[in-house]
Amino acid sequence: MGTEAQEMTNQDLSDPDVARAWLRSMILIRRFEERAGEMYAKAKVGGFLHLAIGEEATIVGAVQAMRDEDYLISTYRSHGHALARGANPDNVMAELFGRETGVSKGRGGSMHMFDFKNRFMGGYGIVGGNLPLAAGMAFASDYKGLDEVTVCVFGDGASNQGTFGETLNLAALWNLPIVFMVTNNQFGMGTALARHSAVTELHKRGDGFGVPGVRCDGMDVVDTYTTMREAIRRAREERQPVLVEAMTYRFRGHSMADPEEYRTKEQVAEWRERDPIVSFGRALVEQGTLPDGEQDQMDQEIIKRIDDAVAFADRSAFPPPESLYDHVYVLEGDSDSWYSVDERSAGVHRGEEERNLPASARGPEDAYRDAVTVAEREDATAPKPTEEAQGAPSTAESTEQPAQGGNG
Amino acid sequence: MPVMRYRDALNEALREEMERDERVYLMGEDIGVFNGAFKVTSGLLKDFGDKRVRDTPISENTIVGMGVGSAMLGLRPVVEIMTINFALLALDQVINHAATIHYMFGGQARVPLVIRMPQGAGHQLGPTHSHCFEAMFMHVPGLLVAVPSTAADAKGLLKAAIRDDNPVIFIEHEYLYGQRGEVPEGDDHLVEFGKAAIRREGADVTIVGISRMASTAEKAAKTLSQKHDIEAEVIDPRTLRPLDLDTILESVRKTNRVVVVEEGWPHGGVGANIAALIQEQAFDYLDAPVARVTGADLPMPYSKPLEQIAYPHEPQVVEAVLSTFRDL
Ligand SMILES: Cc1ncc(C[n+]2csc(CCOP(=O)(O)OP(=O)(O)O)c2C)c(N)n1
Ligand SMILES: [Mg+2]
């Protein structure tokens, strides 16, 4: 991180409080992700779990460059985005646990975080699906005459969806206040960049659409911040959409069940050398901004904070069976809610009456209770995952366990 | 007969058809170096090379469209879509082109394309990765739709699909990938489209089970026999287009009662369609309304206990069967 870059920042990194906030935000993401992985091994978390370990600087650099009123939208790898925007770790962890207290009330899971209050407009499981949404949000801000900018995060792999070109074109054509941030972690699942993209310098892909591109070092939070800050300024002030390519790397597999046969251990080790948290922390000490040892202390505090989040999630209740049909339709506000939710019998079923359905209108209570029992078998706050639980996510013989080898 | 997993049976079908016919090639996201998200294409890149096993960018609409174009020129593409929800991105190419081209151009061109993909709930993949869309594809004239539920059918139907000159939507099930079953030996095991399998004979009630629900129906039939003295006939249609309605009607004429079990949504579902066909053609034989067991009418929740009560289990099938014996 050059001093030149620092001079351009609004947030003064020589202010220890600013430096602390950035570092804390990155460590929070790292420790959260590590624990989430452990909870997956204990079968507390199900489905696909995508961790952003190694990519923390792209998240924090981007978020620090945003104003509170700006919008952030991301992918299925978005626990960190939610946290950096201010979502409570308790509720993010509870979402992973599938509990009613989760940010999406347990309906979305790891891939579908959301926090409207903090203007985190969601993680989305469909690759490339969030780009048009982001442009729509930028359009809404523009339409309403507001000063807000939308930052849209997606992966290198996503840049091959048709939505990429279609959205960039429209954003430029209509001068929308949007920043496209492609986190180029060199792989879309197991497919290396050069095997999925003819033009591997992804920032150059914006040119043909009227969206200028820039690259930043996504392992360097300051460089990411500086680049994003300028991109956001252009989007806000000049109504010029910008494409930012953040060069980064995920240290872990694509999701939890990834044998990682598509890359070498040496490559992973090389990138780990550039750990964004280690290098930022070291630089702060070298520059005399933070005293030696403060980072360790901060780390300990954060680990405790995550312990609390795990305990909170583990003691939170699952959504009750009668809430199965909640949120399928809007029942409040302007909606008359007179529609039929299903076709169990003649007449129109009023949505608000769904909670009064007999239990026989749902799947068997036993299946519900069995799932709760399995979830409670392990103590989430115990230090090490047991072997039995570790085996659970991949044994798919005859029980209703996740499909063996499943990965997405 | 050798016993193998459903996923390995699919792998064998691909391997045999690629050996048999050089025009057969595979296209899909992470099917090569990564060996497939669900490992169905495991080892095929190594054995057939990257001319015939193609890792693609994440571009569902385009790879399906390329499948259509290359099929028009005589290749026999097998496109893998990682999960059925992602096929929604390719619906344009599937319906406007794959299903339509032979008709629209007066029979001049053919689209011998296979699109394979898994579906199904139960693994907490949440509201964008867990659905069952066989009813939606079944709706489209010009497509063939297969929903194999056993290892043997997975292999035999996939081989038949690859050899067919029509576009085939080949729907696998994530839960079934790890299930084992007997598979006939040799490379000539084909299962004809439009031929249902009777999984269990019985005279009292007919249960039609779609995709994974065929095995759920079989479990329910055992319970009905043991606990309720009801002998159910279990039919797995195996393909929904064409649908072997004859086998279903024949069974209904014998049992006079029928329950259709599917994992997908109730409105406009497979069961809705089969119920309509039965009442049109065998109304006089029915002693009770056609009953349906379906997935819940909602996006699939992530939370495990909620997910568990959002798709059908054996007790619901038993209950639905019993309901056809009540209130007569
Ligand atoms: C439309 C669609 N196709 C395929 C997938 C399966 N899938 C999930 S993540 C992924 C790779 C995406 O890579 P990239 O955009 O680089 O993001 P990264 O995972 O590296 O953060 C794929 C193929 C999906 N979720 N949605
Ligand atoms: Mg990537």
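Helices (H or I, at least four residues) and strands (E, at least two) are DSSP runs, numbered from the N terminus. Welcome to this predicted model, in which local features need pLDDT of at least 70, side-chain atom pairs count only at pLDDT 80 or more, and totals for chains, interfaces and linings use all residues. Residues are numbered from 1 along each chain as its sequence is written, while chains are lettered from A and ligands numbered from 1 in the order in which they are written.

**Chain A at a glance**

- Chain A has 14 helices and 7 strands.
- Contacts link residues whose C-beta atoms, placed from the backbone, lie within 7 Å. Among those in chain A between residues at least 6 apart in sequence, 72% join residues at least 24 apart.
- Helix α3 of chain A (residues 56-64) is largely enclosed by the rest of the structure, because 9 of its 9 residues are buried. Among them are A:Glu56, A:Ile59 and A:Gln64.
- A:Ile303 belongs to helix α12 (residues 294-315) of chain A. This residue, A:Ile303, counts as partly exposed because it has 15 C-beta neighbours inside 10 Å.
- From A:Ile303 to A:Phe187 there are 116 residues in sequence and 30 Å in space, C-alpha to C-alpha.

**Two helix pairs to look at**

- Two packed helices are described by the angle between their axes and the distance between the axes. Axes are lines fitted to C-alpha atoms, for helices over the stretch in contact, and angles run from 0 to 180 degrees between N-to-C directions.
- In chain B, helix α1 (residues 6-20) and helix α7 (residues 151-163) pack at an angle of about 25 degrees, and their axes are 8 Å apart.
- α1(B) passes α7(B) in a right-handed crossing (the near helix is turned clockwise from the far one by less than a right angle, while anticlockwise makes it left-handed). Residues making this contact include B:Tyr6 and B:Leu10 of α1(B), with B:Leu158 and B:Ile162 of α7(B).
- In chain A, the axes of helix α2 (residues 16-41) and helix α11 (residues 276-286) come within 10 Å and cross at roughly 155 degrees. α2(A) and α11(A) are therefore roughly antiparallel to each other, and their crossing is left-handed.
- Where these two meet, α2(A) brings residues including A:Leu23 and A:Met26, and α11(A) brings residues including A:Phe280 and A:Leu284.

**Where the chains meet**

- 45 residues of chain B are in contact with 54 residues of chain A. The largest share of chain B's side, 4 residues, comes from α11(B).
- By class, that side of chain B has 23 nonpolar, 16 polar and 6 charged residues (Ala, Val, Leu, Ile, Met, Phe, Trp, Tyr, Cys and Pro count as nonpolar, Asp, Glu, Lys and Arg as charged, and the others, Gly among them, as polar).

**Around ligand 1**

- Ligand 1 is surrounded by 21 residues (each with its C-beta atom, placed from the backbone, within 6 Å of the molecule). The closest are A:Val127, A:Gly155, A:Gly157, A:Ala158 and A:Gly188.
- The site is shared between chains, because residues from chains A and B surround ligand 1.
- β2 (150-155) and β4 (187-188) of chain A each supply at least two residues of the shell.

Methods:
A residue is buried if 20 or more other C-beta atoms lie within 10 Å of its own, exposed if 12 or fewer, and partly exposed in between; C-beta atoms are placed from the backbone. Angles under 35 degrees count as roughly parallel, over 145 as roughly antiparallel, 65 to 115 as roughly perpendicular and the rest as oblique.
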